[in-house]
Amino acid sequence: MFPDCNYKENNIKEEEFLKHLREEHHSEITSISKKEEISIDMAEMITVSNSKVFINS
Ligand SMILES: [Zn+2]
């Protein structure tokens with residue numbers, strides 16, 4: 001999802017990944033929400049669901 005993100009562990013829970021997103025990728029999430037004209041919450045949800053493949057890999 002994010003080119004500079006090397007957060008990768010086995011069996012990451014969504015809540016843990018969400019915490020990481022909020023701590024490390026706040027600016028990216030903010031720019032997604034502006035670009036797509038959606039709320040921060042929605043941008044986080046989309047990012048989490050787009051990242052599920054790598055979360056579970
Ligand atoms: Zn990251």
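User: Is His20 buried or exposed?
Analyst: In this predicted model, the relative accessibility of His20 is 13%. Buried means under 20% relative accessible area. His20 therefore counts as buried.

User: What is the relative accessible area of His25?
Analyst: His25 is another of the protein donors of the zinc ion, through NE2. This histidine is buried, the cut-off being under 20%. The relative accessible area of His25 is 4%.

User: Which protein donors does the zinc ion have, and what spacing do the donors follow along the chain?
Analyst: The protein donors are Cys5 through SG, and His20 and His25 through NE2. These atoms lie 2.0 to 2.2 Å from the zinc ion. Along the chain, the spacing of the donors is C-x14-H-x4-H.

User: How are the axes of H1 and H3 oriented: parallel, perpendicular or oblique?
Analyst: The two axes come within 10 Å and cross at roughly 125 degrees. Roughly perpendicular covers 65 to 115 degrees, and roughly antiparallel begins over 145. H1 is therefore oblique to H3.

User: Which residues of H3 meet H1, and what is the handedness of the crossing?
Analyst: On the H1 side, the residues are Glu14, Phe17, Leu18, Leu21 and Arg22. Their partners in H3 are Glu44, Thr47 and Val48. The crossing of H1 past H3 is right-handed.

Definitions and conventions
Residues are numbered from 1 along each chain as its sequence is written. This is a predicted model: local features need pLDDT of at least 70, side-chain atom pairs count only at pLDDT 80 or more; totals for chains, interfaces and linings use all residues. Side-chain values use heavy atoms; hydrogens and water are left out. Donors are N, O and S atoms within 2.8 Å of the metal (3.2 Å for Na, K and Ca); water is not among the atoms, so sites may look incomplete. Buried means under 20% relative accessible area, exposed over 50%, partly exposed in between (1.4 Å probe, protein chains only). Axes are lines fitted to C-alpha atoms, for helices over the stretch in contact, and angles run from 0 to 180 degrees between N-to-C directions. Helices (H or I, at least four residues) and strands (E, at least two) are DSSP runs, numbered from the N terminus. Angles under 35 degrees count as roughly parallel, over 145 as roughly antiparallel, 65 to 115 as roughly perpendicular and the rest as oblique. A crossing is left-handed if the near helix is turned anticlockwise from the far one by less than a right angle, and right-handed if clockwise. Contact means heavy atoms within 4.5 Å.
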